[in-house]
Structures are given as structure tokens and as C-alpha cells.
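Q: Hi! I'm new to this one, could you walk me through it?
A: Happy to, let's bring it up and start with a loop.

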Amino acid sequence: DALREAGDEVQRHLGSGVVVLGAVAKDRPVFVAMVSDDLIENGLHAGNLIRDIAKLAGGGGGGKPHMAQAGGKDADKLDEALSAVPAIVEAQRAG
């Protein structure tokens, strides 16, 4: 819930964009992704983004075009997964 609330707040200030946040809860990585309406129209989908991000941490997840949540199994992979976000977004935009 805290990640979702933080994501909502960031997105309110950002306007157009992609927000991906991650944290470790109970020794497991958790992620939330949000995509603005204009970028959804250009092919981005929060559920698809979060699925690819969570895979890097040994997990899975999904959701709607605007907002998605996921969890992983390997907390040590949190930074790696978050670092991959720009490349994952670009791949989704291209493809």
C-alpha cells in the first residue's frame, strides 16, 4: 500500500511518465508500476512492464495498463531489476 501511495504522489507531480518503485518487504522484493494515459496510448502497459521487472528478481505479477504490482523471491536482485527499468520501457515502446 505504501508503494502504491508513493507512486500516486509521484505521478501526480510528474504528469506524463512512467513510475516504477521497489522495496523489500518481509525479505522479498515488491514492485509497483504506473503509466500515464498518454503513454498507454503510445503502447506502454504497466502490467507488462511489471511482469518483466519482477522476472529479474525471480518473481511475477501483472495488472492493468495504468497500475500494476508484483513480487519477487530474491531481494538481492531489487537494484538490478530497478536498474533495468529504462531498457524495459524502451523495449516496450519499440515493440
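**A loop, a sheet and a core**

A: Lys26 lies in the loop between β1 and β2, where strands (E, at least two residues) and helices (H or I, at least four) are DSSP runs numbered from the N terminus. Before we go on: this is a predicted model, where local features need pLDDT of at least 70, side-chain atom pairs count only at pLDDT 80 or more, and totals for chains, interfaces and linings use all residues. Residues are numbered from 1 along each chain as its sequence is written, and side-chain values use heavy atoms, with hydrogens and water left out.

Q: Thanks! Is Lys26 buried or exposed?
A: Lys26 counts as exposed, because its relative accessibility is 82%. Buried means under 20% relative accessible area, exposed over 50%, and partly exposed in between, with a 1.4 Å probe and protein chains only.

Q: And what is phi of Lys26 near?
A: Phi of Lys26 is near 55°, a positive value in a residue other than glycine. Asp27, found in the loop between β1 and β2 as well, has a positive phi too, near 65°. With a relative accessible area of 66%, Asp27 is exposed.

Q: OK, on to the sheet. What order do the strands have?
A: The order is β1-β2-β4-β3, in an open sheet of four strands with antiparallel pairing. Two strands pair if DSSP finds at least two bridges between them.

Q: Which strands stand at the edges?
A: β1 and β3 do; each has a single partner strand, so one side of each is left without a neighbour in the sheet. From one strand to the next, the twist averages 15°.

Q: What packs on the sheet?
A: Helix α1 (residues 2-14) does, touching β1, β2 and β4, and its direction makes about 155° with that of β1. For such angles, axes are lines fitted to C-alpha atoms, for helices over the stretch in contact, and the angles run from 0 to 180 degrees between N-to-C directions.

Q: How many bridges join β2 to β4?
A: Five, and the two strands run antiparallel. Ala33 stands opposite Ala68 in β4, and Val32 stands opposite Gln69 in β4.

Q: What about β3 and β4?
A: Those two form a hairpin with three residues between them, and four bridges join them.

Q: Switching topic: how many residues has the largest nonpolar core?
A: The largest nonpolar core has 20 residues, and Phe31, Val35, Leu49, Ile50 and Ile53 have the most contacts inside it. β2 (28-35), α3 (46-55), β4 (67-71), α4 (78-83) and α5 (85-94) each supply at least two of the core's residues, and α3 gives the most, with five. A nonpolar core is a set of buried Ala, Val, Leu, Ile, Met, Phe, Trp, Tyr and Cys residues joined through side-chain atoms within 4.5 Å.

Q: Which residues in α3 are buried?
A: In α3, Ala46, Gly47, Leu49, Ile50, Ile53 and Ala54 are buried. Seen down the axis of α3, they fall within an arc of 160°, so they line one face of the helix; the arc is that of the directions from the helix axis to the C-beta atoms.

Q: And what does Ile53 touch?
A: Ile53 touches Val20, Phe31, Ala81, Val85 and Ile88, leaving out residues up to four places away in sequence.

Q: Last one: where is Ser36 found?
A: Ser36 is found in the loop between β2 and α2 (37-41), and is buried, with a relative accessible area of 5%. Its side chain is joined to that of Asp38 by a polar contact of 2.6 Å. A polar contact is a pair of N or O atoms within 3.5 Å; within protein, one must be able to donate a hydrogen and the other to accept it, and residues adjacent in sequence count only if both atoms are side-chain atoms.

Notes. Contact means heavy atoms within 4.5 Å.
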